[in-house]
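Please keep the sequence and the model in view while reading.

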Amino acid sequence: MDPINIYIGFDSRESVAVNVLTNSLQAHSSQPLHVAQVRLSQLKGIYLREHDPLQSTEFSFSRFLVPWLNDYQGWALFIDADMLCLSDIAQLWNLRNDRFAVQVVKHEHHCTSTTKFQGMPQTPYARKNWSSVTLFNCKRCRALTPEFVNRATGLELHQFQWLSDSEIGELPPEWNVLVGVEPLPANACILHYTLGGPWFDDCLAMKEAQTWLKAREIMNHPMPIKS
């Protein structure tokens, strides 16, 4: 059985969030996982974009290098760092459909220009948050060369303008639930703390903060294995 290829966006302010997310993915998975991080420090000479004042994380644009990192072969799943997995990620992986180049939760997230965690900008645009959980059919994403990712506009990338609409498949909404933005469904599989999570002091009162804090506690103090 080949492992599921997962890439997590890494932001130096959210290292604890990456670790909790990784543990939650592993803890619930029924299949082996290969989990990597998209770190700018490991992409020197490849990722050459200047920091955009509108980007709120270090991986805002580097996420689109995932097909290149996967050698344009097979499938790969990208997940933002500010998430928590509550279900078996193999169930999401099994939704792969070769009809599509990417598959995403097609949110209708209408927001206004403001700030969110740590004073980071909250920028409205069409297809907002679609790219935060992305199943990449890597062989069909060859347009995402390092050269293109370095020069394309943010909207070209995040709105998937490098694809036709027919190449963008839809995932069930429970696989990318926007905490504090939409109602929490009973079958939520991935919580997305898009407005900020409790790893930031200014987000300790965020909805579902206790769910994440409990997951961190379980990671730090796992139950002993019975002999």
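**A buried arginine**

Arg63 counts as buried, because its relative accessibility is 6% (buried means under 20% relative accessible area, exposed over 50%, and partly exposed in between, with a 1.4 Å probe and protein chains only). The model is a predicted one, in which local features need pLDDT of at least 70 and side-chain atom pairs count only at pLDDT 80 or more, while totals for chains, interfaces and linings use all residues. Residues are numbered from 1 along each chain as its sequence is written, and side-chain values use heavy atoms, with hydrogens and water left out.

Arg63 belongs to the loop between β2 and α2 (66-69); helices (H or I, at least four residues) and strands (E, at least two) are DSSP runs, numbered from the N terminus. Apart from neighbours within four places in sequence, the residues in contact with Arg63 are Thr57, Phe78, Asp80, Ser131, Ser132, Phe136 and His158, where contact means heavy atoms within 4.5 Å. A polar atom of the Arg63 side chain lies 3.2 Å from the backbone oxygen of Ser131. This is a polar contact, that is, a pair of N or O atoms within 3.5 Å; within protein, one must be able to donate a hydrogen and the other to accept it, and residues adjacent in sequence count only if both atoms are side-chain atoms.

When residues up to four places away in sequence are not counted, Glu156 touches Gln161 and Trp162.

The description now turns to helix α1. Among the residues of α1 that are buried are Ala17, Val18, Val20 and Leu21. The buried residues of α1 pack against β1 (4-9), β2 (33-38), β3 (75-79), β4 (83-85), α3 (89-93) and α6.

How do α1 and α6 cross, and at roughly what angle? The axes of helix α1 (residues 15-28) and helix α6 (residues 209-220) come within 10 Å and cross at roughly 75°; axes are lines fitted to C-alpha atoms, for helices over the stretch in contact, and angles run from 0 to 180 degrees between N-to-C directions. The two helices are therefore roughly perpendicular to each other (65 to 115 degrees, with under 35 roughly parallel, over 145 roughly antiparallel and the rest oblique). In this contact, Val16, Ala17, Asn19, Val20 and Asn23 in α1 meet Trp212, Ala215, Arg216 and Met219 in α6.
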